[in-house]
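Dear colleague,

Please find below the structure that I am handing over to you.

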Amino acid sequence: MAKPKVATCSLAGCFGCHMSVLDIDDRILKLVELIEFDKSPINDIKEFTCQCAVGLIEGGCCNEENVRVLQSFRKHCDILISVGECAIMGGIPAMRNTIPLRECLEEAYLNGPTVYNPAKQIPNDSDIPLLLNKVYPCHEVVKIDYHLPGCPPSADTIWEALVALLTDKPVELPYELIKYD
Ligand code: SF4
């Protein structure tokens, strides 16, 4: 019987949540018995090859490319999970949300104390995805089915949630896996 497919992506994230997926250590052997990865940086498959059972999203949306990828995940994944604070709330990238975008760009490319930019140009090549006015959590862009909190969520949290979903059990994470005090 074909194994369910799992896809993952990192939008405006740091890949720490993907590192946490890999932190399941030797359980990765059990995982590959349960699933196959489709589009994911873990296997470097760049495009969806089929409909997936689960999509794991790291990071929020800071540019138009993030939005396009997230919409594509919503379309190709039956269950979509925001993994980590950046996907759930915008995280550290969302610290720019209180500052006008123009001001952020000028600080980064013109006025910052370590900037060397004699041409005084802010990059605007058409190949560079356009920045959004602010960083959006994933659920403000598409419907998200589950949120796994943490920065990053622990490997145990990701493992328990994924196995429950893949074996048609309710996702009932014990308190110690979702407490952050
Ligand atoms: S939630 Fe934390 S670990 Fe995950 S992408 Fe954001 S900053 Fe990195």
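What percentage of the 181 residues in the protein do buried residues make up? The share is 41%, where buried means under 20% relative accessible area, exposed means over 50%, and partly exposed lies in between (1.4 Å probe, protein chains only).

Please note that this is a predicted model, in which local features need pLDDT of at least 70 and side-chain atom pairs count only at pLDDT 80 or more, while totals for chains, interfaces and linings use all residues. Residues are numbered from 1 along each chain as its sequence is written, and side-chain values use heavy atoms, with hydrogens and water left out.

**Overall build**

The protein has seven helices and seven strands; helices (H or I, at least four residues) and strands (E, at least two) are DSSP runs, numbered from the N terminus. Read from that terminus, the elements follow the order β-α-α-β-β-β-α-β-α-α-β-β-α-α. Taken along the principal axes, the C-alpha atoms fill a box of roughly 60 × 40 × 30 Å. Among contacts (heavy atoms within 4.5 Å) with a separation of 6 or more, 75% are between residues 24 or more positions apart.

**The sheet**

Strands of a sheet pair through backbone hydrogen bonds, either parallel or antiparallel. Here, five strands form an open sheet with parallel pairing, in the order β2-β1-β3-β5-β7; two strands count as paired if DSSP finds at least two bridges between them. The edges are taken by β2 and β7 (146-148), each with a single partner strand, so one side of each has no neighbour in the sheet. Strand β1 (residues 5-10) runs parallel to β3 and is joined to β3 by five bridges. T8, for instance, has L56 in β3 as its bridge partner.

Helix α3 lies across β1, β3 and β5 (77-83), and runs at about 135° to β5. For such angles, axes are lines fitted to C-alpha atoms, for helices over the stretch in contact, and the angles run from 0 to 180 degrees between N-to-C directions.

Strand β5 also holds S82, which is buried with a relative accessible area of 0%. Which residues does S82 contact, leaving aside its neighbours within four places in sequence? They are I57, A87, I88, C138, I144, Y146, H147 and L148.

**The aromatic pair**

A search of the whole structure finds one aromatic pair. Rings of Phe, Tyr and Trp (its six-membered ring) pair if their centres lie within 6.5 Å; planes under 30 degrees apart count as stacked, over 60 as edge-to-face, and the rest as tilted. The ring centres of F48 and F73 are 4.8 Å apart and the planes stand at 70°, so this pair is edge-to-face. F48 belongs to the loop between β2 (36-37) and β3 (52-58) and F73 to helix α3 (residues 64-76), so the pair ties together parts that are 25 residues apart in sequence. F48 is buried at 15% relative accessible area, and F73 is buried at 0%.

**Salt bridges**

How many salt bridges are there? The count comes to seven, a salt bridge being a side-chain nitrogen of Lys or Arg within 4 Å of a carboxyl oxygen of Asp or Glu. One of them joins R74 and D145, whose closest N and O atoms are 3.1 Å apart. This pair links distant parts of the chain, with R74 in helix α3 and D145 in the loop between β6 (131-136) and β7, 71 residues apart. D145 is partly exposed, at 25% relative accessible area.

Another salt bridge joins E106 and R102 (3.1 Å, N to O). Both residues lie in helix α5 (residues 101-111), four residues apart, or about one turn of the helix. E106 is partly exposed at 26%, whereas R102 is exposed at 54%. Salt bridges with shared partners also join R74, K143 and D145 into one network. In a further example, the side chains of D44 and K46 meet at 2.7 Å, N to O; K46 is exposed, with a relative accessible area of 54%.

**Helix α6**

Helix α6 (residues 155-166) is mostly covered, with nine of its 12 residues buried. Among them are I158, W159, L162 and L165. After α6 comes D168, whose phi is positive, near 60°.

Yours sincerely
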